[in-house]
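Student: I am new to this structure. Could you walk me through how to read it?

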Amino acid sequence: QVQLVESGGGLVQAGGSLRLSCAASGSIFSINTMGWYRQAPGKQRELVAVITSGGDSNYADSVKGRFTISRDSAKNTVHLQMNSLEPEDTAVYYCNARVVRSLVRDYWGQGTQVTISS
């Protein structure tokens, strides 16, 4: 129903910046929220940031003040601007789209690697 493709991952030095993008296709008008999750080796996948259909955003404590999530008016693209990157930010970042009907359905992109060197 919803397909997600991430881009923008790569290698960057600590203190640098990176911008991730996620393009949604399919039934994009059914999406209620979009967000970014990340998973480091040996760790659980964790929420990084989420933005609602009303434009409200929430962030993990570890990225507050450094990361900014945004999306276009059609809700077909979401971005994650990452500043002041730290080695602890190294992970695979996944785009998420949530559709709320009688059941909650989550759709995921394939992930994009972000590596921060010290």
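**Reading the strands and salt bridges**

Tutor: Strands here are DSSP runs of E with at least two residues, numbered from the N terminus. The model is predicted: local features need pLDDT of at least 70, side-chain atom pairs count only at pLDDT 80 or more, and totals for chains, interfaces and linings use all residues. Residues are numbered from 1 along each chain as its sequence is written, and side-chain values use heavy atoms, with hydrogens and water left out.

Student: How many bridges join β3 to β8?

Tutor: In general, strands of a sheet pair through backbone hydrogen bonds, either parallel or antiparallel. Two strands count as paired if DSSP finds at least two bridges between them. Here 6 bridges join β3 to β8, and the two run antiparallel.

Student: In what order do the strands of the open sheet come?

Tutor: The order is β1-β3-β8-β7, with antiparallel pairing of these 4 strands. The edges are β1 (2-7) and β7 (67-71); each has a single partner strand, so one side of each lacks a neighbour in the sheet. From one strand to the next, the twist averages 15°. Such angles run from 0 to 180 degrees between N-to-C directions, with axes as lines fitted to C-alpha atoms.

Student: Now the charges. How many salt bridges does the structure hold?

Tutor: Side chains of opposite charge can pair when their charged atoms come close. A salt bridge needs a side-chain nitrogen of Lys or Arg within 4 Å of a carboxyl oxygen of Asp or Glu. The structure holds 5. One of them joins R38 and D89, at 3.0 Å from N to O. This pair links distant parts of the chain, 51 residues apart: R38 lies in strand β4, D89 in the loop between β8 (77-82) and β9 (91-100). R38, E46, R66 and D89 are linked in a salt-bridge network.

Student: Are R38 and D89 buried or exposed?

Tutor: Buried means under 20% relative accessible area, exposed over 50%, partly exposed in between (1.4 Å probe, protein chains only). R38 is buried because its relative accessible area is 6%. D89 is buried too, at 1%. By contrast, D61 and K64 are exposed. Their salt bridge has its closest N and O atoms 3.1 Å apart.

Student: Where is S30, and what does S30 touch?

Tutor: S30 sits in the loop between β3 (18-26) and β4 (33-39). S30 is buried, at 6% relative accessibility. Contact means heavy atoms within 4.5 Å. Leaving out residues up to four places away in sequence, S30 touches Q1, V2, R98, V99 and R101. R98 also forms a salt bridge with D106, at 2.9 Å between the closest N and O atoms.
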